[in-house]
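I opened a new page for this protein today. Here is what I looked up, entry by entry.

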Amino acid sequence: MRFGHWLSLVIVGVCLYILWVIRNVLLLVLAAVVLVVVLNRAVVALQKYLPNRRAAVFVIFSSALLLLGLFGGLVIPPFITQLQALGDLTPLVLNQVYTWFVDLADSVPGFSIQNYQDLENIFRQIQALNLDIIFGRFFRLFSNTLAIAFNLLLLLMLVLMMLLNPVSYQQLLLQLFPHSLRPQVRQVLDNCEAALSSWFIGIFVTMVAVALMSLAGLWMLDIPFALANGILAGLLAFIPNLGPLISVLPPVALALLESPWKAIAVVVLYLVIYQVAGRWLTARVMPRRVALLPAVTLLAQIFFTAFFGLLGLVLALPLTLIIQQWLKAFWFERVLEQH
């Protein structure tokens with residue numbers, strides 16, 4: 001191998017190492033880009049009725065901050081209160097489930113004392129975990145208020161600066177590519193914008209629908225903390241595959257305090273909700289080109305979560321859509337179809 005090849009490998013290795021060191025900052029920038037792409041469509045539409053782009057950006061940005069503020073002030077406090085109360089009920093749920101298992105075991109022939117002891121040990125280990133420990137990592141992410149506030153402020157500043165003049169940042173990105181590739185890169189960026197905008201509209205409609213249907217269904221089933229569980233279901237609808245599975249656990253646990261049939265009714269309710277929201281509603285709102293195979297989505301979630309943590313899990317789907325557009329243009333169409 002020539003010296004130039006070795007030097008190229010070293011440079012690539014150094015670049016990859018630098019990207020790994022600054023991966024959290026890079027992910028924050030990517031989050032800002034996703035938000036800019038989503039908000040830019042609204043800015044362009046509003047710009048037709050206002051004197052300039054700055055006025056449109058001000059209206060959209062202020063409206064988004066106002067909605068977030070209202071949501072945080074009116075919805076988050078009761079949600080947190082109900083979520084904490086739900087955590088206090090965890091031991092009661094586990095004791096109730098243990099009692100049902102013991103009653104069921106009494107009807108099973110050949111169930112010995114050793115089996116009872118094994119069953120009791122299992123439930124003791126589960127109870128020792130407690131909900132505080134299960135969600136401990138989640139809440140520790142928000143323990144450093146100063147760091148969270150700084151990252152949020154940085155994110156908002158990036159979004160505002162890029163939203164005011166997105167063309168300049170697009171031109172800056174294009175400068176990284178040879179002249180022969182720039183038309184194709186510009187087309188890929190346009191495709192990414194269309195895919196992300198369509199995805200956001202679809203996922204937002206799905207989240208609102210899931211939250212409202214969950215709230216109404218749990219209220220009709222007389223499940224405690226329907227507000228918290230409904231909001232949680234709506235928020236977790238943002239995360240495909242894993243979100244629905246996690247969101248059904250708290251209401252099922254609450255239903256188990258009354259009867260196993262009520263818990264089954266909650267499971268059926270959530271299956272119907274996600275079938276309506278995922279299969280019918282999302283398919284009508286979100287274009288077919290945005291859809292990803294379920295296995296691809298799950299693998300992307302595992303990959304981004306392993307490397308970037310919780311923010312990687314949240315951004316797994318939009319980042320996968322971006323990667324999909326780049327691979328389609330520069331690998332499938334440019335490389336594979338030419339051979």
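**Ground rules.** I am working from a predicted model, where local features need pLDDT of at least 70, side-chain atom pairs count only at pLDDT 80 or more, and totals for chains, interfaces and linings use all residues. I number residues from 1 along each chain as its sequence is written, and side-chain values use heavy atoms, with hydrogens and water left out.

**Whole chain.** I looked up the secondary structure and found 17 helices and 0 strands in the protein chain. Helices here are DSSP runs of H or I with at least four residues, strands are E runs with at least two, and both are numbered from the N terminus. Of the 339 residues, 32% count as buried (under 20% relative accessible area; exposed is over 50%, partly exposed in between, with a 1.4 Å probe and protein chains only). The accessible surface comes to about 21,300 Å², and carbon and sulfur atoms hold 73% of that (Shrake-Rupley method, 1.4 Å probe). I also checked contacts (heavy atoms within 4.5 Å). Among those with a separation of 6 or more, 70% join residues 24 or more positions apart.

**Helix 10 and helix 11.** How do helix 10 and helix 11 pack, by angle and axis distance? Helix 10 spans residues 182-220 and helix 11 spans residues 226-236; their angle is about 155 degrees and their axes are 7 Å apart. That makes the two roughly antiparallel. I noted the cut-offs: under 35 degrees is roughly parallel, over 145 roughly antiparallel, 65 to 115 roughly perpendicular, and the rest oblique. Axes are lines fitted to C-alpha atoms over the stretch in contact, and angles run from 0 to 180 degrees between N-to-C directions. Residues of helix 10 that meet helix 11 include Met207, Val210 and Trp219; on the helix 11 side, Ala226, Gly230 and Leu235 are among them. By class, this contact has 10 nonpolar, 4 polar and no charged residues. For the classes, Ala, Val, Leu, Ile, Met, Phe, Trp, Tyr, Cys and Pro are nonpolar, Asp, Glu, Lys and Arg are charged, and the others, Gly among them, are polar.

**The loop between them.** I stopped at Asp222, which lies in the loop between helix 10 and helix 11. Asp222 has a positive phi of about 60 degrees although it is not a glycine. Most residues other than glycine have a negative phi. Asp222 counts as exposed, at 54% relative accessibility.

Is Ala237 buried or exposed? Ala237 is buried, with a relative accessible area of 10%, and sits in the loop between helix 11 and helix 12 (242-247). Leaving out residues up to four places away in sequence, Ala237 touches Ile203, Met207, Val210 and Tyr274. Ala237 and Thr206 are 31 residues apart in sequence, yet 7.1 Å apart in space, C-alpha to C-alpha.

**Helix 2 and helix 10.** Helix 2 (residues 23-47) crosses helix 10 at roughly 80 degrees, and their axes come within 9 Å. That makes helix 2 roughly perpendicular to helix 10. The contact has 7 nonpolar, 2 polar and 2 charged residues. Arg41 in helix 2 and Glu193 in helix 10 are among the residues at this meeting.

**Helix 9 and helix 10.** My last stop was helix 9 (residues 166-174), which packs with helix 10 at about 135 degrees, with axes 10 Å apart. The two are therefore oblique to each other. This contact has 4 nonpolar, 2 polar and 3 charged residues.
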